[in-house]
Amino acid sequence: MTISYQTPKRVTVVGLWTGAARAFERSGSTVTIGRMSARSRDLPRRSCLSTPASSERFLAKAPTVAADMTFLDLEDAVAPGEKVGARAKAVDAIKNLAWDDRVLCVRVNAWDTKWTYGDVIEVVSGAGERLDEIMLPKVQSAAHVIALDLLLTQIEENCGLPIGHIGIEAQIETTRGLINVEEICAASPRLETIIFGPADFAASMEMPVLTGGVQIPEYPGDHFHYVFSKILMAGRANGLQVIDGPFLYVRDSDALRDFAMRTRMLGYDGKWALTPDQATVLNEVYSPTQEQFDRAFDILDAYRHATEEEGRGSVMFGDEMIDEASRKMATKFVTRGERAGLRRSES
Ligand code: GLV
Ligand code: MG
């Protein structure tokens with residue numbers, strides 16, 4: 001029996017995965033896990049629309065909203081008494097509504113509730129074919145991710161889905177989760193994104209605020225700067241997309257744009273949208289401008305010419321000296337722009 005995880009970008013996974021691999025060996029079957037959830041891993045997630053799975057009205061509207069990614073929520077947007085019934089509504093919506101090729105995800109309840117395993121089994125067995133990912137909230141340690149990974153593997157086997165078909169999005173929204181974010185980001189080859197949950201995080205930190213994820217005017221600076229940076233570094237070190245959470249003043253698009261620019265400038269890939277209007281703002285904020293996109297191509301052309309035809313490692317580009325590091329920065333812009341659907345202008 002062999003289990004091989006081809007995750008060149010996540011070498012540290014190996015240590016954590018020893019326990020999981022042994023668990024599979026006892027089953028006596030052969031499981032070969034390659035690159036996980038290939039369809040959705042690199043799709044854009046500039047806007048990630050939250051949709052309560054208990055509401056048929058919101059579910060019906062979700063596919064019409066121009067968001068890169070939609071997640072049907074079984075967690076905090078659903079009242080406790082509605083949670084079990086919302087599973088079937090999520091399955092029905094995934095199977096029967098006219099989704100385009102956007103990333104489609106379900107947020108299940110956290111492992112410290114009684115609902116997680118039931119959520120995962122019902123949703124993946126019922127609608128696993130079109131479902132891209134499960135979002136796991138309040139992740140505190142690598143073990144939380146590994147437990148979900150193991151459960152997904154069994155469901156995929158039983159449902160005839162390719163092993164690794166369902167990806168994982170992990171939410172960091174507790175102090176313990178932030179402390180462990182590095183091991184969490186390396187915990188499974190199924191991980192596609194790491195997400196910051198500012199509202200729960202503010203509660204976990206016992207910050208004296210009543211609205212999470214907005215600017216605190218009394219604070220001299222950005223009270224989340226350290227948190228944003230720490231999550232971003234851990235995510236990038238493991239090849240994940242990195243996403244910011246909700247902005248709760250849903251009627252104030254200017255304030256959203258202003259606040260989202262913080263994580264955009266740090267390098268985040270996107271942010272949650274709570275309304276269609278928020279999705280529109282975020283699609284713009286997290287895309288490069290056409291000018292930046294074209295300039296990135298021009299840098300790549302100039303650098304290629306310098307290195308390949310002139311044998312030089314650095315060259316002047318306008319007023320600026322460019323070298324290999326400039327090529328790397330420009331390549332990131334091109335990737336991000338192409339994800340956002342930009343095309344290079346005709347020159
Ligand atoms: C999102 O889940 C948050 O807690 O901000
Ligand atoms: Mg939360």
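Strand β3 is mostly covered: five of its five residues are buried. This holds for a predicted model. β3 pairs in the parallel sense with strand β2 (residues 69-73) and also with β4. Helix α5 links β3 to β4 in a right-handed β-α-β crossover.

- Five bridges hold the pairing of β2 with β3. Asp73 has Arg107 of β3 as its bridge partner.
- β2, α4 and β3 form a right-handed β-α-β unit.
- Three bridges hold the pairing of β3 with β4. Here Arg107 stands opposite Met135 of β4.
- From β3 the chain passes through α5 to reach β4, and this β-α-β crossover is right-handed.

**Helix α5**

- Helix α5 covers residues 116-127, which makes 12 residues. At 1.5 Å a residue it should span 16 Å, and its end C-alpha atoms are 16 Å apart, so the two values agree.
- The buried residues of α5 are Thr116, Asp119, Val120, Glu122, Val123, Val124 and Ala127.
- An α-helix has 3.6 residues a turn, so residues three or four places apart point the same way.
- Elements that cover the buried residues of α5 include α4 (83-96), β3 (103-107), β4 (133-136) and α6 (142-159).

- Cys159 lies in helix α6.
- Leaving aside neighbours within four places in sequence, Cys159 is in contact with Ser125 and Gly128.
- Cys159 and Glu129 are 30 residues apart in sequence, yet their C-alpha atoms are 9.3 Å apart in space.
- Leu161 sits in the loop between α6 and β5 (167-172). Leu161 is partly exposed because it has 18 C-beta neighbours inside 10 Å; a buried residue would need 20 or more.
- Not counting residues up to four places away in sequence, Leu161 touches Gly128, Glu129 and Glu156.
- Leu161 and Ser125 are 36 residues apart in sequence and 9.4 Å apart in space, C-alpha to C-alpha.

**Strands β1, β7 and β8**

- Strand β1 (residues 47-52) runs parallel to strand β8 (residues 270-273), and three bridges join them. Cys48 stands opposite Trp272 in β8.
- Strand β7 (residues 241-244) also runs parallel to β8, joined by two bridges. Gly270 of β8 is the bridge partner of Ile243.
- A right-handed β-α-β unit is made by β7, helix α11 (residues 253-266) and β8.

**The shell around ligand 1**

- The residues around ligand 1 are Pro137, Gln171, Glu173, Gly197, Pro198, Ala199, Asp200, Gly212, Gly213, Gly245 and Pro246.
- By class, the shell holds four nonpolar, five polar and two charged residues.
- Helix α9 (residues 198-205) gives the most to this shell, with three residues.

Definitions and conventions:
Residues numbered from 1 in each chain as written. Chains lettered and ligands numbered in written order. Predicted model: local features only at pLDDT ≥ 70, side-chain atom pairs only at ≥ 80, totals over all residues. Near = placed C-beta within 6 Å. Helix = DSSP H or I, 4+ residues; strand = E, 2+ residues; numbered from the N terminus. Nonpolar A, V, L, I, M, F, W, Y, C, P; charged D, E, K, R; others polar. Expected span 1.5 Å × (residues − 1). Buried ≥ 20, exposed ≤ 12 C-beta atoms within 10 Å, placed from the backbone. Contact = placed C-beta atoms within 7 Å. Pairing = 2+ DSSP bridges. Right-handed = clockwise from strand over helix to strand, strands pointing away.
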